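Have the viewer open as you read.

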Amino acid sequence: MKKIAILGSTGSIGTQTVDILPSIDAEVVALTTNRRIDLLEQQARALRPKMVCACEEQAARDLKVKLADTDTKVLSGMDGLTACAAESGADIVVTAVVGMVGLLPTLAAIDAGKDIALANKETLVCAGGLVMRAARDKGVKILPVDSEHSAIFQCAQAAHGNPLAKIILTASGGPFFGKTAAEMRHVTREQALAHPNWSMGAKITIDSATMMNKGLELIEAMWLYDMAPEDIEIVIHRESIVHSAVEFADGAMIAQLGLPDMRLPIQYALTYPARVPCKVPRLNLAEAAKLTFYAPDYEAFPALNLARQAAAQKGDRGAVLNGANEAAVGLFLDGKIAFGEIAERVARALDTIPYRREVTLDDVLAADAAARAAARA
Ligand code: NAD
Ligand code: MG
């Protein structure tokens, strides 16, 4: 039986992970939330983990009272999150927290020899070089949960040692597909949160609307598959049925298809290399009938170019891009800036923060802090 820790178990990916647990042979040893303690209590009573963490201190105190009659240990803060990742006895850690707060616990889990089922893409965007090197050194697997990267991972199994010539990363295009930058500038929070195909946490939903999500995924794919960013093509696919594809030297393109439902990639990351029945509804190709593809509009969605630029430069640029984006998305969600300003603030951070090519973990954390400050200024 596999022992699983779920970081961010109360979020969109976290709850879907809990949902597929009955399909797999697993024991949950740790669960975490930021402050949704009612749901965490419910999960803890059902799954009886060894430890749980509420990152907010007051939430942790309240959770401790709620779980006083159980054997579950209640932790708090970044130390608690890191302990759940590295000291809960897990074989595999699902990183489903949102944002670069996932970086330190992910590194701690890798250091402790745990495999990672990686949903938290911000970790690789900020510190992909450090994370992949640590995983190689420790011999741990980074198994992608992001649907595109899971698709690439599945398609790449056709490689048999041959290099990938190209990755084709599909994108739904989000709620503002077909609009110009001027038309999008003052869209509301509600319009930006209305994703056509996927129901996800607020931050990634805004990232999908700006298409920064696809930019972050480009950087995620670059690190996961050791690909040059220019060999990663982005294509708009409104139906979200083709989850991504790879191309080989001879031009053969292999794609992975399915209905848009994160539970399949989550489950595959946890059962790999085995495949077991999944509760996700099956794709019927005749019902899908028509699949459409378009080139992305780099002018309307400047976030894509910013991410391409950061991917090409590497060094600390991923941390700057991500930190500025997290701060700017937060400002937009709080009603403080216009939608169109998100990418502008990320661009400003990339322009004003001096570039560093070789980075340590401290450099990444410093670049993140500087980027947040620049985006908020
Ligand atoms: P979400 O907002 O629904 O959930 C986030 C989880 O992290 C919650 O459990 C929350 O309590 C916890 N959390 C939030 N802030 C925290 C903090 N400061 N400290 C500790 N814990 C904190 O987000 P989500 O949509 O589930 O996304 C999680 C990650 O998975 C993101 O990195 C996202 O990009 C990635 N992802 C999500 C989807 C999806 O379908 N939702 C798809 C692909 C990738
Ligand atoms: Mg994705």
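## Strand β3 and its partners

In β4, the bridge partner of Met-51 is Lys-73. The chain gets from β3 to β4 by way of α3, in a β-α-β crossover that is right-handed, meaning that, with the strands pointing away from the viewer, the path from the first strand over the helix to the second runs clockwise. β3 and β4 (residues 73–76) run parallel and are joined by four bridges; two strands count as paired if DSSP finds at least two bridges between them. Helices (H or I, at least four residues) and strands (E, at least two) are DSSP runs, numbered from the N terminus.

β2 also pairs with β3 in the parallel sense, again over four bridges, with Thr-32 opposite Cys-53. Together, β2, α2 and β3 form a right-handed β-α-β unit. Along β3, Met-51 and Cys-53 point one way while Val-52 and Ala-54 point the other, and all are buried, that is, under 20% relative accessible area, where exposed is over 50% and partly exposed lies in between (1.4 Å probe, protein chains only).

## How to read the model

This is a predicted model, in which local features need pLDDT of at least 70, side-chain atom pairs count only at pLDDT 80 or more, and totals for chains, interfaces and linings use all residues. Residues are numbered from 1 along each chain as its sequence is written, chains are lettered from A and ligands numbered from 1 in the order in which they are written, and side-chain values use heavy atoms, with hydrogens and water left out.

## Helix α2

Helix α2 covers residues 37–47, and its buried residues are Ile-37, Leu-39, Leu-40, Glu-41, Gln-43 and Ala-44. What do these buried residues pack against? Their partners are α1 (12–20), β2 (26–33), β3 (51–54) and α3 (57–66), with contact meaning heavy atoms within 4.5 Å.

## Strand β5 and its neighbours

Strand β5 (residues 92–95) sends Ile-92 and Val-94 one way and Val-93 and Thr-95 the other, and all are buried. β5 pairs with strand β1 (residues 2–7) in the parallel sense over four bridges, and Ile-4 stands opposite Ile-92. Strand β6 (residues 115–118) pairs with β5 as well, parallel and over four bridges, with Val-94 opposite Ala-117. Helix α5 (residues 103–111) carries the chain from β5 to β6 in a right-handed β-α-β crossover.

Asp-115 is part of strand β6. Leaving out residues up to four places away in sequence, Asp-115 touches Asp-91, Ile-92, Val-93, Val-140 and Lys-141. Asp-115 and Lys-138 are 23 residues apart along the chain, and their C-alpha atoms are separated by 9.7 Å.

## The second largest pocket

A pocket here is an open set of points on a 1 Å grid over the protein atoms alone, where a 1.4 Å probe fits, with protein on both sides within 12 Å along at least five of seven lines; lining residues have an atom within 4 Å of a point. The second largest pocket holds about 400 Å³ of space, a volume being the space filled by probe spheres set on the points.

Its lining has 19 residues, and Met-132, Arg-136, Trp-223, Leu-224 and Tyr-225 lie nearest the centre. α6 (121–138), β7 (142–144) and α11 (212–225) each supply at least two lining residues, and α6 gives the largest share, with five. By class, the lining has 13 nonpolar, one polar and five charged residues; Ala, Val, Leu, Ile, Met, Phe, Trp, Tyr, Cys and Pro count as nonpolar, Asp, Glu, Lys and Arg as charged, and the others, Gly among them, as polar.

## Backbone spots to look up

Met-211, in the loop between α10 (202–210) and α11, has a positive phi near 70 degrees and is not a glycine. Is Met-211 buried or exposed? Met-211 is buried, at 3% relative accessible area. Ala-289, in the loop between α13 and α14 (302–313), also has a positive phi, of about 65 degrees, and is exposed at 65% relative accessible area.

A cis peptide bond joins Tyr-272 and Pro-273, with omega about 5 degrees. Pro-273 sits in the loop between α12 (263–271) and α13 (285–288).
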